[in-house]
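Subject: Structure handover

Hello,

The structure is placed below, and some notes on it follow. Please read them with the model open.

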Amino acid sequence: MPILQTVLMGIVQGLSEFLPISSSAHLVFTSNFYKVFKNIEIAQQSNEEIFLDIMLHLGTLLAVIIYFRKDIWRICKALVRALVNKDFSDKDAKLGLYIILGTIVTIVLAFPINDVAEHLVYHPALVGCLLILTGFVLFYSEYLSKKRLEKSDMPNLKQSILIGLAQGLAVLPGLSRSGWTIATGLFAGLNRETAARYSFLLSIPIILGASMVYPLIEIDIAEAVTYNWVAIILGTFVSAIVGYFCIKYFMKFISKFSLNIFAWYCIIVGIFTATFFYFLAKK
């Protein structure tokens, strides 16, 4: 696997994991555009490419852990105290419980549709259509949020379940994980910063779990030694650096501006990619 490809995909992953534009869709587009220009069959995806996707997600996981390290430490301490004292009235302990609940809901929904998600990798035109849908969801979330006068700075049980369901659906490439979870938070009445913060914290268990499960179940050690590890590690490092700064500036952005610019981006890119790969498939 060429270093140029892994660096490009690392940049794309770092930018698109936390922006509401679907990192999985952009990895599909980047990989398939690369194959088109290199005259490689789109339906061909090696185990090395799948493993690279996992490693790039680990890079962005590292970014979110570093950025929210104080929040994570505070939530973990509060959960431990709550378990010892059997008192979950603390705000951080409740948040920890809601993250666990949201993760369970995500797994229950995502597991049955995971095979569909993996199949969509070979159909970038359909992924483009799902990206268009993400754009309209972002528009609608902003519309409802502006109409709501009272907004919460702490998710409740119902909001956590709804956001967990949104994250489960977002296993499908094109349905942005951050986009759908933040939009659902806005739908459900959270303020903008809280919706984004909860979305990023909720991503940690899922990305960590997926990154651990796949290598244990799927990876062939004999094949893995043939991978271009320099390229993979470099791509992972790039995704972590880009991801960290993306979180930093996106949190500032969302506190002041709407998601409509990302909605327009999703629709425009979705239309272009859906059209491009549809007609390419017809040739």
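Buried means under 20% relative accessible area, exposed means over 50%, and partly exposed is in between, with a 1.4 Å probe and protein chains only. By that definition A231 is buried, at 0% relative accessibility.

The model is predicted, so local features need pLDDT of at least 70 and side-chain atom pairs count only at pLDDT 80 or more, while totals for chains, interfaces and linings use all residues. Residues are numbered from 1 along each chain as its sequence is written, and side-chain values use heavy atoms, with hydrogens and water left out.

A231 sits in helix α11 (residues 229-254); helices here are DSSP runs of H or I with at least four residues, numbered from the N terminus. Beyond neighbours within four places in sequence, A231 contacts M1, P2, I3 and T6, where contact means heavy atoms within 4.5 Å.

Packing of α1 and α3

Helices α1 (residues 3-16) and α3 (residues 47-67) pack at about 45°, and their axes are 10 Å apart. The pair is therefore oblique, the class left over once angles under 35 degrees (roughly parallel), over 145 (roughly antiparallel) and 65 to 115 (roughly perpendicular) are taken out. Axes are lines fitted to C-alpha atoms over the stretch in contact, and angles run from 0 to 180 degrees between N-to-C directions. On the α1 side the contact involves Q5, T6, M9, G10, Q13 and G14, and on the α3 side E49, L52, D53, L56, H57 and T60. These residues comprise three nonpolar, seven polar and two charged; Asp, Glu, Lys and Arg count as charged, and Gly is among the polar.

Nonpolar cores

A nonpolar core is a set of buried Ala, Val, Leu, Ile, Met, Phe, Trp, Tyr and Cys residues joined through side-chain atoms within 4.5 Å. The largest has 54 residues, and F29, V64, I182, F200, I247, F250 and L259 touch the most other members. Helix α9 (residues 192-218) supplies its largest share, eight residues. Another core, of 11 residues, lies apart from it and includes M1, M9, L27 and A224.

S22 is in the loop between α1 and α2 (23-37) and is buried at 1% relative accessibility. K86 is in the loop between α4 (69-85) and α5 (91-120) and is exposed, with a relative accessible area of 73%.

Regards

Terms used. Helix = DSSP H or I, 4+ residues; strand = E, 2+ residues; numbered from the N terminus.
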